[in-house]
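Colleague: I am new to this structure. Can we go through it in short questions and answers?

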Amino acid sequence: MKKVLAFDIDQTLNVAKTPITDEIGELLVNCLDYFEVCPISGQKFDQFLIQIVDRLPNPTPAQLSHLHLFVAQGTQYYKFDTEKNDWVQIYNYPLTEEQVAKISETIEKSARELGFWEEDKLMEGDEIIENRLSQVTFSALGQKAGTEAKYAWDPDCKKREKIVKRCKELAPEFDYEIGGTTSINAITPGMNKEFGMTHLLEELNVKKEDILYFGDMTQPGGNDYPVVAMGIDTITVRSHEDTAFALRGILGVL
Ligand SMILES: [Mg+2]
């Protein structure tokens, strides 16, 4: 019997960058009665709240105490404090300013060289490169672009693979991972989901075999692959619909 259900977010619990559906919200709240539930994603803390926590239907503080937010690939960890009735940060491993500057320059240069720097398509106030403290994220069309445009931009990951290849030539000291629909996450080596999952094991005091992980980018080079490579049991999903199907199955047999 697994003790922990861990989830990638984009394309695993939701349609990339949008709040989870009512169905996923209900399933997750049900899971909190039986499992420690750990979303782990490259996104920032506020997006975890907007996309997941705020969408859960009437969770009790006791249920929330079983929800563990592994933000920015688990380089930041937030836990619900039932006494304060609020989320508290347990740890944080940020990049240095120099690292952020170097990564930002490298990605912009690579994307420009390849003709994939689409500044003209950005909405007002949006940005292509975002400093997420523990990682720097390239989103080809910005954060606010429509889902359809994002899906259409690089469905086979070929553009991002080219950008990553060039980034690796220019600044090989960082790792670049493809995620979501238009994103590349740049991190210092090891600051990927393996880092997050390793800390999860420690923080929750569980073993690898206690965890079942759900992700959509489990192929080598994808941002869920480090979890697979660690030997954690993984279910590869195509969308949140697959995840809902699997969760209904798991909850159904309890
Ligand atoms: Mg994903």
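Colleague: In which loop is lysine 17 found?

Modeller: Keep in mind that this is a predicted model. Helix α1 covers residues 22-32. Strand β1 covers residues 4-7. Lysine 17 sits in the loop between β1 and α1.

Colleague: Is lysine 17 buried or exposed?

Modeller: The cut-off for a buried residue is 20 or more other C-beta atoms within 10 Å. Lysine 17 has 22 C-beta neighbours inside 10 Å, so it counts as buried.

Colleague: What is the phi of lysine 17?

Modeller: Most residues other than glycine have a negative phi. Lysine 17 is not a glycine, yet its phi is positive. The value is about 70 degrees.

Colleague: How many helices and strands are there in the protein?

Modeller: Start with the whole chain. Its C-alpha trace spans about 55 × 35 × 35 Å along the principal axes. The protein has 9 helices and 11 strands.

Colleague: What is the radius of gyration of the protein?

Modeller: The globule rule gives 18 Å for 254 residues. The protein comes close to that, so it is as compact as a globular protein of that length. Its radius of gyration is 18 Å.

Colleague: Among contacts between residues at least 6 apart in sequence, what percentage join residues at least 24 apart?

Modeller: Burial first: 43% of the 254 residues count as buried. Now the contacts between residues at least 6 apart in sequence. The share that joins residues at least 24 apart is 66%.

Colleague: How many Å separate the centres of domain 1 and domain 2?

Modeller: The domain assignment gives domain 1 as 4-93 + 191-252. Domain 2 is 97-187. Taken over C-alpha atoms, their centres are separated by 24 Å.

Colleague: On the side of domain 1 that touches domain 2, how do the residues divide into nonpolar, polar and charged?

Modeller: The contact takes 16 residues from domain 2 and 19 residues from domain 1. Those on the domain 1 side divide into 6 nonpolar, 10 polar and 3 charged.

Colleague: Which are the edge strands of the open sheet of 4 strands?

Modeller: The strand order is β2-β1-β10-β11, with parallel pairing. An edge strand pairs on one side only. That describes β2 (36-39) and β11 (233-236).

Colleague: Which residue in β2 is the bridge partner of valine 4?

Modeller: β1 and β2 pair in the parallel sense over 4 bridges. From one strand of the sheet to the next, the twist averages 20 degrees. The partner of valine 4 in β2 is glutamate 36.

Colleague: Which residue in β4 stands opposite histidine 68?

Modeller: β3 (residues 68-71) and β4 (residues 76-81) run antiparallel and are joined by 4 bridges. Their hairpin has 4 residues between the strands, and alanine 72 takes a positive phi near 50 degrees there. Opposite histidine 68 stands lysine 79.

Colleague: Which residue in β5 is the bridge partner of aspartate 81?

Modeller: β4 pairs with β5 (residues 86-92) in the antiparallel sense, over 6 bridges. Glutamine 76 stands opposite asparagine 92 in β5. For aspartate 81, the partner is aspartate 86.

Colleague: What is the count of buried residues in β5?

Modeller: β5 has 7 residues and is hardly covered. The count of buried residues among them is 0.

Colleague: Is asparagine 85 buried or exposed?

Modeller: Asparagine 85 lies in the loop between β4 and β5. It is not a glycine, yet it has a positive phi of about 55 degrees. Asparagine 85 has 9, so it is exposed.

Colleague: Is isoleucine 163 buried or exposed?

Modeller: Isoleucine 163 lies in helix α6 (residues 158-170). It has 24 C-beta neighbours inside 10 Å, so it counts as buried.

Colleague: How many Å separate the C-alpha atoms of isoleucine 163 and arginine 112?

Modeller: Leaving aside neighbours within four places in sequence, isoleucine 163 is in contact with residues including Ser110, Ala111 and Leu114. Isoleucine 163 and arginine 112 are 51 residues apart along the chain. Their C-alpha atoms are separated by 9.3 Å.

Conventions:
Residues are numbered from 1 along each chain as its sequence is written. This is a predicted model: local features need pLDDT of at least 70, side-chain atom pairs count only at pLDDT 80 or more; totals for chains, interfaces and linings use all residues. Two strands pair if DSSP finds at least two bridges between them. Helices (H or I, at least four residues) and strands (E, at least two) are DSSP runs, numbered from the N terminus. Axes are lines fitted to C-alpha atoms, for helices over the stretch in contact, and angles run from 0 to 180 degrees between N-to-C directions. Domain bounds come from an automatic or database domain assignment. Two residues are in contact if their C-beta atoms, placed from the backbone, lie within 7 Å. Ala, Val, Leu, Ile, Met, Phe, Trp, Tyr, Cys and Pro count as nonpolar, Asp, Glu, Lys and Arg as charged, and the others, Gly among them, as polar. The radius of gyration is taken over C-alpha atoms; the globule rule is 2.2 Å times the number of residues to the power 0.38. A residue is buried if 20 or more other C-beta atoms lie within 10 Å of its own, exposed if 12 or fewer, and partly exposed in between; C-beta atoms are placed from the backbone.
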